[in-house]
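Have a look at the model first.

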Amino acid sequence: MKLNYTIATLGSHSALQILKGAKDEGFKTLIVVTPDRQKFYGRFPFIDKQMVIPTYKDFARVDAQLQKQKVILIPHGSFVAYLGVAGNKEIKTPYFGNKKVLDWEGDRNQQRKWLTEAKIRQPRIFKNAAEIDCPVIVKGFGADGGQGYFVAQTQKDFAQQIKSFAAPTSAATESKKYLIQEYIVGVPMYLHFFYSPITKQVELLSMDRRYETNVDGIGRIPANQQMQMPISPSFVVVGNSPLVVRESMLAEAYEMAERFVTASQKIIDQRGIFGPFCLETIVTPDQKFHCIEASCRIVAGTNLFIDSSPYASLIYDEPMSTGRRIAREIKIAIQKKCLEEVID
Ligand code: AMP
Ligand code: AMP
């Protein structure tokens, strides 16, 4: 079925997945790109049209044009990273998702309240260095993908390292510079969900673990050599690998996601969060999820599953990526004449 709407996004992050999914669902597709990426995105025949802007921060320049073309914009990680919360709110083109969620997601204190309301386990937060009584990870505020974090073992170690710590600046940066969080020793598992306000169901679509440099590389060097090298771990994400979790933990994964959605409807507004979101967890030997952060949109780890995932295959008898699932939701909303319920 051909649909008289165009799905558009910024050329970065998970744009290929989103637009491939949109094309598979019968939409026209458009990518907003910078000149250096025109050739790259031109390689993919499922992208019907390009709109060029000098930098992603200049998105406002094409906003009016997009509004005239029955476009629905799908936000991904680059939207907050490059336009900030305020920049996202200024977008006038119909935008998939509830923009009120951005204020709760982008402020770590608000996000903590939300996860607490959802009764999701989180690492402890230390208000100041004097409270530190275990290894900690120190994070700058803002969506910076692990850039500029450091790990400290003790109060003394913290005092030493904070001297040279420059919190990263991003469009989403807030006034307070950093957060001191308990370091959880376990394995990272990023759970990708989708909540449909139409079916009122949560779907677990896939999972990934991140490949972070240099923390994932340090173990390649023998411990005695690590001791002699001045390496401190950094957590900049550069890739992702697929993952499945022990089946006995899946029920709790679903329940956490459901509580997260219900809590959002209570504390944000009636619509709360819908569409894709990710609970970013560290799992400890007692098989408990500790949520270090929630991302309230499609995450790049879903790019592993353009052709579906083990979990999506349990729900759908056809390939279903998160990008395609978004387009499917929009298509159903158009057919049911309730598009306004899924856009902002
Ligand atoms: P980019 O468009 O690559 O500059 O990324 C925009 C935002 O998404 C940044 O905050 C990145 O850290 C995050 N991001 C990009 N790629 C990935 C990935 N493969 N996994 C997790 N986060 C990512
Ligand atoms: P984030 O930007 O909060 O998603 O964190 C980036 C990466 O830092 C994660 O993928 C983990 O590898 C690591 N990390 C963040 N918070 C913690 C924590 N509390 N304990 C252990 N590792 C963490």
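Q: Where is the place of valine 245?
A: Valine 245 sits in the loop between strand E11 (235–242) and helix H10 (250–267); helices (H or I, at least four residues) and strands (E, at least two) are DSSP runs numbered from the N terminus. This is a predicted model, where local features need pLDDT of at least 70, side-chain atom pairs count only at pLDDT 80 or more, and totals for chains, interfaces and linings use all residues. Residues are numbered from 1 along each chain as its sequence is written, chains are lettered from A and ligands numbered from 1 in written order, and side-chain values use heavy atoms, leaving out hydrogens and water.

Q: Why is valine 245 called buried?
A: Buried means under 20% relative accessible area (1.4 Å probe, protein chains only). Valine 245 has 8%, so it is buried.

Q: Which residues is valine 245 in contact with, leaving aside neighbours within four places in sequence?
A: They are Met189, Met207, Leu250, Phe289 and Tyr311, where contact means heavy atoms within 4.5 Å.

Q: Why does ligand 2 lie between domain 2 and domain 3?
A: Domain 2 (97–123 + 184–344) and domain 3 (126–182) both give residues to its shell, so ligand 2 lies between them; the bounds come from an automatic or database domain assignment.

Terms used: Buried means under 20% relative accessible area, exposed over 50%, partly exposed in between (1.4 Å probe, protein chains only).
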